[in-house]
Amino acid sequence: MSHLERWETRNATPEAILASLRRPPLDVLARQELPGAETLFGRPLTALEGVREILASVREGGVPALLRWTRTLDGAALGAEDLWVGPEEMEAARERVDPALLASIRRARERIEAFHRAEPVPHAWHRVDSDGLVLGQEVRPLRRVGLYVPGGRAPLFSSLLMGAVPARVAGVGEVVVATPPRRDGSVPPAILAAAAEAGVARVLRAGGAQAVAALAYGLEGVLEPVEKIVGPGNLFVTLAKREVFGQVGIDGLPGPSEVLVVADATANPEWVAADLLAQAEHDPDASAVLVTASEGLLQAVEAALARQLQRLDPQGDGVARRSLERWGKALLCRDLAEAVAWAGRLAPEHLELAVEDPWRWVGRVGAAGAIFLGHAASEPLGDYLAGPDHILPTNGAARFSSGLSVETFLIRSSLIGYSDEALRRDGPAAVRMARAEGLEAHARAVEIRLEAGGPGGADEGPAPGKEGEA
């Protein structure tokens, strides 16, 4: 049995290959009918309509609405006093987790921090030209950031580190973590331990679109709105982030995770199969794609997938198997150059170059969220503690966007200052350009200064307190 839907560049059009290997865009998923909508909302709704209803209810209803959705969607009956996990509980969780796991979390935090501290980031600057024109840039960290941490199918404490650590390096004043509680209202200890390690002061027990609403709109007397929301999540979370964009900033719209492995005949088929399965177990909608020019390797990977799936999922109903059935793909190319070109065109979240000489090919990759070089560089190493951030663009968005970084948490302001001399030099040109656009008030705003000879020139109107005097 084949676990990868096979395509060949020799006998398929590029359009057909792209349509098969990329998941549907977010707009298509947003319009799909929402299962269970009549039970939850009392009428049929699309996914987007359901998200909008939740956002509106929390915006208008505040804490009671948030608690109601938490009970309905997560099965956790919380009171207003239970919303926050404080430092004491996080410290207790750090004491409870396995010491070896805590040591691994700490090591990951150190590696992530070291990587982000090494990033080149914008800095404040200014310069003054010979006529006194001042130009520059101020760079400031965001004051408050919301970090969404998935906790449903798997408690992704690694994503907490990947979001909170670069925010701290950037100098963000407060990171508010939101993560769905378990049915008993608790938060997995590993998430709380990671929060404590990352310097997070408190964690909001809320998930889904209702958590995004709380972060974006705030909760009166409980939570001030954040300035930006970052972090991965399910379809509801992603749609909610898109809806609140403009009220707050967002890092992007990451969807289900994906890996694309470019492999040549030197690749170990067992390793390639293991990496495809590692990605597939994230989510039934996760994507695992093999691109190769070797027919022999493709057949060997298929055989390895069958063996490893039998061990991983003997019952035959696991997440990885369902993911491969939907989004497991293989593309057989004419040669390795074509395989690398296709990888860049697909612009995957994670790209593995499982080839003999990855450095020969890395410069030819058009786009990818993260590139793993060589046979030993398994994608899960990047998920946890290699150092670069694993919150990355998906489904081709790496063509125009990048993963989380220190710069995600910085804002820049331009600085512009004019002396009299610089005004006389640039003013006439600005007046001409304004009038050419038909914007007379723009022109007069500059012209009135030129006519007065600058700030030190003639009066531009009556002095304060002199109105009406002869």
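**View 1. Surroundings of R94.** R94 touches L102, R106, A193, A196 and E197, where contact means heavy atoms within 4.5 Å and residues up to four places away in sequence are not counted. This is a predicted model, in which local features need pLDDT of at least 70 and side-chain atom pairs count only at pLDDT 80 or more, while totals for chains, interfaces and linings use all residues. Residues are numbered from 1 along each chain as its sequence is written, and side-chain values use heavy atoms, with hydrogens and water left out. R94 lies in helix α5 (residues 87–96); helices (H or I, at least four residues) and strands (E, at least two) are DSSP runs, numbered from the N terminus. With a relative accessible area of 18%, R94 is buried (buried means under 20%, exposed over 50%, partly exposed in between; 1.4 Å probe, protein chains only). The side chains of R94 and E197 make a polar contact at 2.8 Å, that is, a pair of N or O atoms within 3.5 Å, of which one must be able to donate a hydrogen and the other to accept it; residues adjacent in sequence count only if both atoms are side-chain atoms.

**View 2. The parallel sheet.** Six strands form an open sheet with parallel pairing, in the order β1-β12-β11-β10-β13-β14; two strands pair if DSSP finds at least two bridges between them. β1 (5–8) and β14 (370–373) each have a single partner strand, so one side of each is left without a neighbour in the sheet. From one strand to the next, the twist averages 20°. Four bridges link β1 with β12 (residues 328–332), and R6 stands opposite A330 in β12.

View 3. Helix α1 (residues 14–21) lies across β1, β11 (287–292) and β12, at about 155° to β1. Angles run from 0 to 180 degrees between N-to-C directions, and axes are lines fitted to C-alpha atoms, for helices over the stretch in contact. Helix α11 (residues 269–280) touches β10 (258–263), β11 and β13 (350–354), and its direction makes about 165° with that of β10.

**View 4. Helices α12 and α13.** The axes of α12 (residues 295–312) and α13 (residues 319–327) come within 9 Å and cross at roughly 145°. L305, L309, Q310 and L312 in α12 meet A320, R321 and L324 in α13.

**View 5. The antiparallel sheet.** Three strands form an open sheet in the order β3-β4-β15, with antiparallel pairing. Its edge strands are β3 (125–128) and β15 (410–417). Four bridges join β3 to β4 (residues 134–141), and H126 stands opposite G136 in β4.
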